[in-house]
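Here's a quick tour of a protein chain and what sits inside it. Take a look at the structure first, then read on.

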Amino acid sequence: MKTIIITGGAGFIGSHVVRLFVQKYPDYHIVNLDALTYAGNLENLIDVVDKPNYTFVKADITDFAKITEVFDTYRPDGVIHLAAESHVDRSITDPFAFIRTNVMGTCNLLQAAKNLWQGNYEGKRFYHISTDEVYGALEKDGTFFTEQTKYAPHSPYSASKASSDHFVRAFHDTYGLPVVVSNCSNNYGSHHFPEKLIPLAINNIKHNRPIPVYGKGENVRDWLYVDDHARAIDIIFHKGKNGDTYNIGGNNEWTNIDLIRLLCRIMDAKLGRPEGTSAKLITFVTDRAGHDLRYAIDSTKLQRELGWHPSLQFEEGLEKTVDWYLANEAWVERITSGAYQEYYEKQYGNR
Ligand code: NAD
Ligand code: TYD
């Protein structure tokens, strides 16, 4: 039996990765290590909590003593590290929280893995999940981020992720720690915390509230369905080359305003509203400081070397996402009202 610690498993992407691994690998013991910050919600994993190969451990990656204790207890063969502060707007108001969790927290995990494995690296792997935002911003058209693109982060979020990527590689180069890194574009799908663009817009449209679009809505993001990211993580964890980096992207660029217009059309149809109703809610607001113009990933290496491909067309993925949010209004409501963490305790106790 292999033991894998997945950090940040109660969050958006982490919950999809935990679900995939728990269901696909009954022989692995999956330990979900999460501090349950505002972004963590154990309800995301209600369909796997009772599986025998799943354990939840509440721990903060900024607490080195606690992390050491968890590593000594579970003695993981692998670490898949997703825990992070992930919202750019929050990083602008509180950069230190991002430095603590994303930089210090990652270093604590690296050091704990190094201490546990003691140079005996056979069958061991530390997999760090990062973002395309470390590469900075592209011009409107033409170029893409490759694994060779120089780091040029602009926001405190992307600077903290860039720093953590460097530490992961430094532990590989200095101590021989077996690592792999992937940098992914914007994800969308179910269980996405409703402070991010797509779930926020879905919720606001549902309730006839203004949809805030930063600046002129001309910024471009490359959207990938979250389950396609989880599949890529599975493939890279098992087949990625030691010390290597893989870019993951949907080859699916949208300006924010075109994306919101598409979402409005889908929502009008689903809610039985006359076409054009939801688009009236679009409201241009003050731009984000340092707002990166365009992200676009070249994932040729991952596709060629490891055979991964995105599976869903954007319209199809967006419809599935809208369907999930409309069918799970109570999940959204518990988050927006702030009741979600208490609700889980009351409803499910220590499961
Ligand atoms: P999220 O904010 O939804 O979830 C983060 C999770 O980490 C939460 O469960 C939270 O409780 C946990 N966490 C935060 N601080 C912690 C701490 N100090 N100790 C332990 N746990 C802590 O994030 P997400 O969108 O699922 O992103 C997951 C990872 O993927 C992040 O590393 C992010 O940088 C990366 N990523 C995200 C995207 C995206 O579009 N969301 C794209 C590329 C890469
Ligand atoms: P977001 O979901 O925060 O992801 P990221 O900043 O990591 O790309 O934002 C996606 C895009 O949408 C980004 O260009 C900022 C923009 N945006 C808005 O226009 N309005 C909003 O309310 C939010 C949250 C984001």
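Let's start with the cavity. The lining of the largest cavity splits into three nonpolar, three polar and four charged residues; here Ala, Val, Leu, Ile, Met, Phe, Trp, Tyr, Cys and Pro count as nonpolar, Asp, Glu, Lys and Arg as charged, and the others, Gly among them, as polar. Among the lining residues are Val88, Glu133, Arg288 and His291. On a 1 Å grid over the protein atoms alone, a cavity is a set of points where a 1.4 Å probe fits but cannot get out, and lining residues have an atom within 4 Å of a point. The volume of the largest cavity is about 60 Å³, where a volume is the space filled by probe spheres set on the points, with grid points joined across faces, edges and corners.

A word on the ground rules: this is a predicted model, where local features need pLDDT of at least 70, side-chain atom pairs count only at pLDDT 80 or more, and totals for chains, interfaces and linings use all residues. Residues are numbered from 1 along each chain as its sequence is written, chains are lettered from A and ligands numbered from 1 in the order in which they are written, and side-chain values use heavy atoms, with hydrogens and water left out.

Now for the ligands. Ligand 1 is surrounded by 28 residues, and Ile13, Asp34, Ser86, Tyr157 and Lys161 are the closest; "surround" means having a heavy atom within 4 Å. That shell holds 14 nonpolar, 11 polar and three charged residues. Around ligand 2 there are 16 residues, with Glu133, Pro212, Tyr214, Arg288 and His291 the closest. Its shell has six nonpolar, five polar and five charged residues.

| Ligand | Residue | Part of residue | Distance |
|---|---|---|---|
| ligand 1 | isoleucine 13 | backbone | 2.8 Å |
| ligand 1 | aspartate 34 | side chain | 2.6 Å |
| ligand 1 | asparagine 187 | backbone | 2.8 Å |
| ligand 2 | asparagine 186 | side chain | 2.9 Å |
| ligand 2 | tyrosine 214 | backbone | 2.8 Å |
| ligand 2 | histidine 291 | side chain | 2.7 Å |

Which strand gives the most to the shell around ligand 1? That's S5, with three residues. For ligand 2, S8 gives the most, also with three residues. Strands here are DSSP runs (E, at least two residues), as are helices (H or I, at least four), numbered from the N terminus. The whole chain has 12 helices and 13 strands.

How values were computed. 1 Å grid on protein atoms, 1.4 Å probe; cavity = no way out; pocket = protein on both sides within 12 Å on 5 of 7 lines; lining within 4 Å. Polar contact = N/O pair within 3.5 Å; in protein donor to acceptor, adjacent residues only side chain to side chain.
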